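Keep the viewer open and follow along.

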Amino acid sequence: MTTTTQSAPEDRDLPFNVFAKSCPSRGTLEHVTGRWGGLTLGALYEGSLRFNELRRRVDGVSEKMLSQTLHALERDGLVHREAQPTNPPRVDYELTPLGREVAEHLLALIRLLEDRMDTVLEARERYDAARGGR
């Protein structure tokens, strides 16, 4: 079970430092940069998606992991969940303005990596060859 800790009001006056173990920004960074968080934010950048649409878009994520990821991103204020009172129920997920801003930066990193994968693959080959293969 996860416990929620509240920051004391005076703690909010301190500067945030992701390198400090107790800084709350570290948890948000983990949510954003974790395997499923970054992919979820990137997928939602394209627009609002229902749960199963999002699950298909983020190939390989389990239902449980996607649910946990969405809860964490919603709690951090990056994703908005909208439940429609229909039968069957319809739930849509979309980025908040902050989530959109974060996703823009993530997508820039994703594009950079995709554009440079030839260089990465060559580096891996050199590394593996120097160490007798992997």
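Start where α2 meets helix α4 (residues 63-75): the two pack at an angle of about 75°, with axes 10 Å apart. The axes here are lines fitted to C-alpha atoms, for helices over the stretch in contact, and the angles run from 0 to 180 degrees between N-to-C directions. That makes α2 and α4 roughly perpendicular to each other, a label for angles of 65 to 115 degrees; under 35 degrees counts as roughly parallel, over 145 as roughly antiparallel, and the rest as oblique. On the α2 side you'll find Trp36, Gly37, Thr40, Leu41 and Leu44, and they meet Met65, Leu66, Thr69, Leu70 and Leu73 of α4. Contact means heavy atoms within 4.5 Å. Sorted by class, the residues of this α2 and α4 contact are 7 nonpolar, 3 polar and no charged. The classes go like this: Ala, Val, Leu, Ile, Met, Phe, Trp, Tyr, Cys and Pro are nonpolar, Asp, Glu, Lys and Arg are charged, and the others, Gly among them, are polar.

A word on what you're looking at: this is a predicted model, where local features need pLDDT of at least 70 and side-chain atom pairs count only at pLDDT 80 or more, while totals for chains, interfaces and linings use all residues. Residues are numbered from 1 along each chain as its sequence is written, and side-chain values use heavy atoms, with hydrogens and water left out.

Now zoom in on two residues from that contact. Thr40 sits in helix α2 (residues 35-44) and, at 0% relative accessibility, counts as buried. Buried means under 20% relative accessible area, exposed means over 50%, and partly exposed is in between (1.4 Å probe, protein chains only). Setting aside neighbours within four places in sequence, Thr40 is in contact with Leu54, Val58, Leu66, Thr69, Leu70 and Leu73. Arg57 is 17 residues from Thr40 in sequence, and their C-alpha atoms are 8.5 Å apart.

Across the way, Leu66 belongs to helix α4. Is Leu66 buried or exposed? Leu66 is buried, at 0% relative accessibility. Not counting residues up to four places away in sequence, Leu66 touches Thr40, Phe51, Leu54, Arg55 and Val61. Asn52 lies 14 residues from Leu66 along the chain, with 9.8 Å between their C-alpha atoms.

Helix α2 has other partners too. The axes of helix α1 (residues 24-33) and α2 come within 4 Å and cross at roughly 70°, so α1 is roughly perpendicular to α2. Here His31, Val32 and Thr33 of α1 meet Arg35, Gly37, Gly38 and Leu41 of α2. By class, this α1 and α2 contact has 2 nonpolar, 4 polar and 1 charged residues.

Next, look at α2 against helix α5 (residues 97-115): their axes are 9 Å apart and the packing angle is about 105°, so α2 and α5 are again roughly perpendicular to each other. Gly38, Leu41 and Gly42 of α2 make this contact with Val102, Ala103, Leu106 and Leu107 of α5. The tally for α2 with α5 is 5 nonpolar, 2 polar and no charged residues.

Moving on to the backbone, check the peptide bond joining Asn87 and Pro88, which is cis, with omega about 0°. Most peptide bonds are trans. Pro88 is found in the loop between β2 (79-84) and β3 (90-95).

Further along, the 14 residues of helix α6 (residues 117-130) should span 20 Å at 1.5 Å a residue, and the end C-alpha atoms of α6 are 20 Å apart, which agrees. The expected span is 1.5 Å times one less than the number of residues in the helix. After α6 comes Gly132, with a positive phi near 80°.

Finally, zoom out. The protein chain has 6 helices and 3 strands, running α-α-β-α-α-β-β-α-α from the N terminus. Helices (H or I, at least four residues) and strands (E, at least two) are DSSP runs, numbered from the N terminus. Of the 134 residues in the protein chain, 24% count as buried.
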